[in-house]
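Subject: Structure handover

Hello,

Here is the structure I promised to pass on to you. Please open it alongside this message, and my notes on what turned up follow below.

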Amino acid sequence: MTDKQKQDFALRITQSNRSGIIVILYEVMDTYLAEAQANKDDYETMKTAVRNAQRISYELTDILDMQYEISEGLFEIYDFISRALEKVIIRKDTADIPRIRKMINALKETFEKVAKEDDSGAMMQNTEQVYAGLTYGKGTLVETTDTTAGGRGFLV
């Protein structure tokens, strides 16, 4: 995952509610798995990407609220994904990754719908509100980002 992708995900997390953060975790996980697939011939890089995806699966398991019935089903799915990722590493074979990514993306689509209806507000308080836009420069397009807290602004 590139530093730019990490920054983008981190920024989105600061602005998201609980359901939105779960959607982002699925996206991060999928990004790591895509990286693993792309590096299937470089075992160490593939293994690192799969381990990162697996850590997200563990995090998703840890944040489940088991008082809800649906959490039991999600626990089973996350456990299956974790075990399948372990097999990818042991077998040094990425053949199962497309199936895992399909599962993750199906879950992501479901949580996207939930996130749209979740009006709980951002999970992270006291973060800067960020506004981004594009302006025309002489022969170029300039992306600007402005944070309103403290009047600070910066160009990207």
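Let me start with Ala 36: leaving out residues up to four places away in sequence, Ala 36 touches Met 46, Ala 49, Val 50, Thr 94 and Ile 97, where a contact means heavy atoms within 4.5 Å. Ala 36 is found in helix H2; helices (H or I, at least four residues) and strands (E, at least two) are DSSP runs, numbered from the N terminus. With 0% relative accessibility, Ala 36 counts as buried. The cut-offs here are under 20% relative accessible area for buried, over 50% for exposed, and partly exposed in between, using a 1.4 Å probe and protein chains only. Ala 36 and Lys 47 are 11 residues apart in sequence, and their C-alpha atoms are 7.1 Å apart in space.

A word on how to read all this. This is a predicted model, in which local features need pLDDT of at least 70 and side-chain atom pairs count only at pLDDT 80 or more, while totals for chains, interfaces and linings use all residues. Residues are numbered from 1 along each chain as its sequence is written, and side-chain values use heavy atoms, with hydrogens and water left out.

On confidence, the mean pLDDT (the predictor's confidence in each residue, from 0 to 100) of the protein chain is 81, and 75% of its residues reach 70 or more. Please take care with two stretches. Residues 130-134 stay under 50 in pLDDT, and the model has 17 contacts for them beyond four places in sequence. Residues 147-156 are also below 50, with 19 contacts in the model beyond near neighbours in sequence.

Now the overall build. The protein chain has five helices and three strands, and from the N terminus on they run α-α-α-α-α-β-β-β. Of its 156 residues, 33% count as buried. Among contacts with a separation of 6 or more, 57% join residues 24 or more positions apart.

The largest pocket has a volume of about 420 Å³. A pocket here is an open set of points on a 1 Å grid over the protein atoms alone, where a 1.4 Å probe fits, with protein on both sides within 12 Å along at least five of seven lines; lining residues have an atom within 4 Å of a point. Points are joined across faces, edges and corners, and the volume is the space filled by probe spheres set on them. The lining has 17 residues, and Ile 22, Ile 70, Ser 71, Leu 74 and Phe 111 lie nearest the centre. H2 (18-38), H4 (69-91) and H5 (97-117) each supply at least two lining residues, and H4 gives the most, with five.

- Phe 80 is found in helix H4 and counts as partly exposed, at 29% relative accessibility. Leaving aside neighbours within four places in sequence, Phe 80 is in contact with Arg 99 and Met 103.
- Lys 92 is found in the loop between H4 and H5. Its phi is near 55°, a positive value in a residue other than glycine, and Lys 92 is exposed, with a relative accessible area of 54%.
- Pro 98 is found in helix H5 and is partly exposed, at 43% relative accessible area. Pro 98 and Leu 33 are 65 residues apart in sequence and 8.5 Å apart in space, C-alpha to C-alpha.

Best wishes
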